[in-house]
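Subject: Structure handover and what was found in it

Dear colleague,

Please find below the structure that I am handing over to you. My notes follow it, and I would be glad if you read them with the structure open beside you.

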Amino acid sequence: MDQPPSLSPTARTDFTRLFEPRGIAVIGASQDLTRIGGQPLRLLTEYGYQGKVYPVNPKYPEIKGLPCYPNAGAVPQPCDLAIVALSAQHVVSAIEDIGKAGIPFAVVFSAGFSEVGEAGRKLQAALVAAARKHKVRVIGPNCLGAMNLNAGVRAGFGGTMALNTLKPGPVALVTQSGGFGFGIAAISSYYNVGMSHVVSTGNEADVGALELMEAYLERDDVRILVAFLEGIQDGRRMLALGQRALELGKPILTWKVGNSTVGKQAMTSHTARMTSGYELYKAAFREGGFIEVHDNDDLVDLAKAFLPGRLPKSRKAVFVTLSGGSGVLMADHAELNGVELPALADDTVKKLKEIMVDFASAANPIDATANGYNDNFASYSEVIRTALADPNIDALITRSPRGKAMPSWSKRLVDIVKASDKPVLLNWPTSPDDNGESMQFLEENGVPCIFAPGRTVHALGALAEFAEKKRRFEQAPPPAARAVARQNLELPANGTLGEYAAKRVLSRYGIPVVGEQLLAPEAVEKLTTAPFPFPLVVKIESADLPHKTEAGAVKLGMASLDQLKAAAREVLANAKRYKPDARIDGVIVQQMASGQEVIVGAVNDPYFGPVVTLGLGGILTELLHDVTHRFAPFDARVAKSMIDDLKSAPLFHGYRGRPPLDVEALADALARLSLLVADHADRIAEIDINPLFVGPAGTGVAAADALIVVKP
């Protein structure tokens, strides 16, 4: 079965010469080192860059003691990167010169392109054309630049870029917001999370965020990738990136913004209304090695937790505190973050009771009490050592003491942590500078120090989430064979298929539908027996009436032939009254279906491609918004995980005495629908099956209504 493409290093541009340039030309260099054309010269000559710096400006013979060149063609080689700090109207010719000079990469600071309207869009198109023709890969325009602290490269401008407090470390940040993104790096450095690599992507006229994320993910000096995203153009590429992150074991801490203002498009089907932009991002994040973050503190906490490189083997943890109150608080947050607090082994409890005072608690969370102050926290260290060794747990959170005992206690804790392979997080109970040297020592030795109990538990939950995703990825069987071969379909040039026609398409892919007949109105009047046992449903078949209930074109529960004929006349009259010009293809006489109602459908998203949606049906659909998504195509195994993602999943497996539903049949129908929409993504815009009835286990499913919207 088709799957999102795997990523391989050979399939991507080699950005080494961008990240580690041997020489950098500054096009539009200024003698005023405070101007945008001057700042890069100062940054590249005063902050440790060891390569060559070449100012380019025909006005000057030299700048800052460096020879100044009249154009890019005069720049000595090797030169791997050009910084363009010119007004917008001069950028295209500059890119041509850069390409002719054999410089492979350019960072364009200049604004005045697609962000300013139609004229800017035309200018940006000309920039892209010049870059393609002359084989230059362009970052920007309208960006703040790129940074690699490991190589002393500060190829940008702005106050943050000039900070001496920026800290190198194995974290890379790709940001679609320049000023805010570099601010993230500054804040992270303050809290001891070093980001060696930061790049601002600007308008992404050429190189986009995903391409840079792919490149950073493959680097040996990057262990954690951070992405600040407003939007992406290729959802399938992002899916593949997420899979690669799991393969490499490198988390992508993803900060997706702009979620609350996603405009609603004009949607024909219920399925489309259940699919907003952010819903699909969340689905993509769930499937790959992405961990969502929502603010600076969140990002710092999670980066700290991942930096030691330890992942828990399960969600089972133990909390060890000096205060019962903090233990209770963390226990509350454990439930919110999917962290389990199992009972400790009997042998562990016995050892703990021998170490602790009588009024301490050996239950999980462990309350060792403040008695540790009496022995310089030696007993508290033994409590931690003993709890960490418990076979029932795979991670530990402890709360640090404070005061004069901290330096010696910190060394004991580091020894304990190094003797185990389980992740240990420390909840720091006071201000950063209280015992600040001990905090630095702990974090340098693989013990993350996180402020606030809830934040510490949240960080552990993120570790557990990524570890669980990685295990699923590594243990996943290969996709099953296709449930049905690709079917040739006769679809109209554009518009909407009526219910009867849509169900014929579903049947071609083996998706069960209710028994029904399409009859001309006069044929209904001539019936002497009903086509199916009563009770029956009567509907109008019309591609022009996608929402028949609103038109009064549906009648349920007909119990006799007379009722059936009267209903046919009524729905016909209602349809003509509701939309006089509607095309009427006949009357559908349909079996009544029963079971749990669900909405199943698919949308061909412009960025993510074909997506299948499942939601609880009936009046609960929009009330609870219990919806889940998967990217087509997929097999029944993936479809079952889709069902289990619903908040209402217990209903499908048997709840409070109700029999379990036919999950196997529902999963098969979802997988077949995914094949249908993937096979015909070039023609099908939306599919809506509402409702699909799911019967008790072994009785199957049946589509009672359907709609297909065809692309023009």
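How many of the 712 residues of the protein, as a percentage, count as buried? The share is 56%, where buried means under 20% relative accessible area, exposed over 50%, and partly exposed in between, taken with a 1.4 Å probe and the protein chains only.

Before the details, please keep in mind that this is a predicted model, in which local features need pLDDT of at least 70 and side-chain atom pairs count only at pLDDT 80 or more, while totals for chains, interfaces and linings use all residues. Residues are numbered from 1 along each chain as its sequence is written, and side-chain values use heavy atoms, with hydrogens and water left out.

Overall picture

Among contacts (heavy atoms within 4.5 Å) with a separation of 6 or more, 72% are made by residues 24 or more positions apart. The accessible surface, computed by the Shrake-Rupley method with a 1.4 Å probe, comes to about 29200 Å², and carbon and sulfur atoms account for 51% of it. As for charge, there are 73 positive and 77 negative side chains, with the centres of the two sets 3 Å apart; Lys and Arg count as positive and Asp and Glu as negative, without His or the chain ends, and each charge is placed at NZ of Lys, CZ of Arg, CG of Asp or CD of Glu.

Cis peptide bonds

Asparagine 364 is joined to proline 365 by a cis peptide bond with omega of about 10°, and this proline 365 sits in the loop between α12 (346–355) and β16 (366–367). Alanine 632 and proline 633 are likewise linked by a cis peptide bond, with omega of about 0°, and proline 633 belongs to the loop between β27 (627–631) and α21 (636–644).

Positive phi values

Asparagine 376, although not a glycine, has a positive phi of about 60°; it is located in the loop between β16 and α13 (378–388) and counts as partly exposed because its relative accessibility is 40%. Arginine 656, also a residue other than glycine, has a positive phi near 50°. The loop that holds arginine 656 runs between α22 (649–653) and α23 (663–679), and this arginine 656 counts as exposed because its relative accessibility is 76%.

Note on methods:
Helices (H or I, at least four residues) and strands (E, at least two) are DSSP runs, numbered from the N terminus.
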